[in-house]
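Here are some short notes on one helix and its packing partner. Please read them with the model open.

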Amino acid sequence: DSPEPCADAGGSLASRVRSLTSPSESQDVASTLCPALTLKQRLLAFSICVFLGVCFDVLSMGKLRGVMHGHAEKYARMYTFGNIVALSGTLFLAGPTRQLRRMCQQKRWIASRVFLVAIV
């Protein structure tokens, strides 16, 4: 079992991001999302997705009054959409295949499944 690339706290941020964005031996560039993007473009896309996701989550708080009156649908839809948008930002850094592989690792599979079930 190999250690996670981001587990080394002594590594620089740039080297940790590169380890997320560069394909490993078992993964080719075609399996990443938008393989032609540069590191700067990937970071920008990730940042935009996370920002928009957080905005939707914050805006969903305005719907909490409806939850108190038994109408949670609008809040749940907006909050779930915010989480999905924020999570999709990681696909720009790691790619869908690597992201799914990491979510299924022994240390992460329970938390990943609980999160995915909670947003459904």
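How far apart are the end C-alpha atoms of helix H4 (residues 73-94), and what should its 22 residues span?

1. The ends of H4 are 32 Å apart, C-alpha to C-alpha, and this agrees with the 32 Å that its 22 residues should span at 1.5 Å a residue. The expected span is 1.5 Å times one less than the number of residues. Helices are DSSP runs (H or I, at least four residues), numbered from the N terminus.

2. Basis. This is a predicted model, where local features need pLDDT of at least 70, side-chain atom pairs count only at pLDDT 80 or more, and totals for chains, interfaces and linings use all residues. Residues are numbered from 1 along each chain as its sequence is written, and side-chain values use heavy atoms, without hydrogens or water.

3. After H4 comes Gly-95. Its phi is positive, near 90°.

4. Helix H2 (residues 39-60) packs on H4 at about 170°, with the axes 7 Å apart. The pair is therefore roughly antiparallel (angles over 145 degrees between N-to-C directions). Their contact has 16 nonpolar, seven polar and two charged residues; Gly counts as polar.

5. Phe-56 lies in H2. At 28% relative accessibility, Phe-56 counts as partly exposed (between 20% and 50%). Beyond neighbours within four places in sequence, Phe-56 is in contact (heavy atoms within 4.5 Å) with Met-78, Phe-81 and Gly-82. Phe-56 and Val-85 are 29 residues apart in sequence, with C-alpha atoms 8.8 Å apart.

Conventions:
Helices (H or I, at least four residues) and strands (E, at least two) are DSSP runs, numbered from the N terminus. Axes are lines fitted to C-alpha atoms, for helices over the stretch in contact, and angles run from 0 to 180 degrees between N-to-C directions. Angles under 35 degrees count as roughly parallel, over 145 as roughly antiparallel, 65 to 115 as roughly perpendicular and the rest as oblique. Buried means under 20% relative accessible area, exposed over 50%, partly exposed in between (1.4 Å probe, protein chains only).
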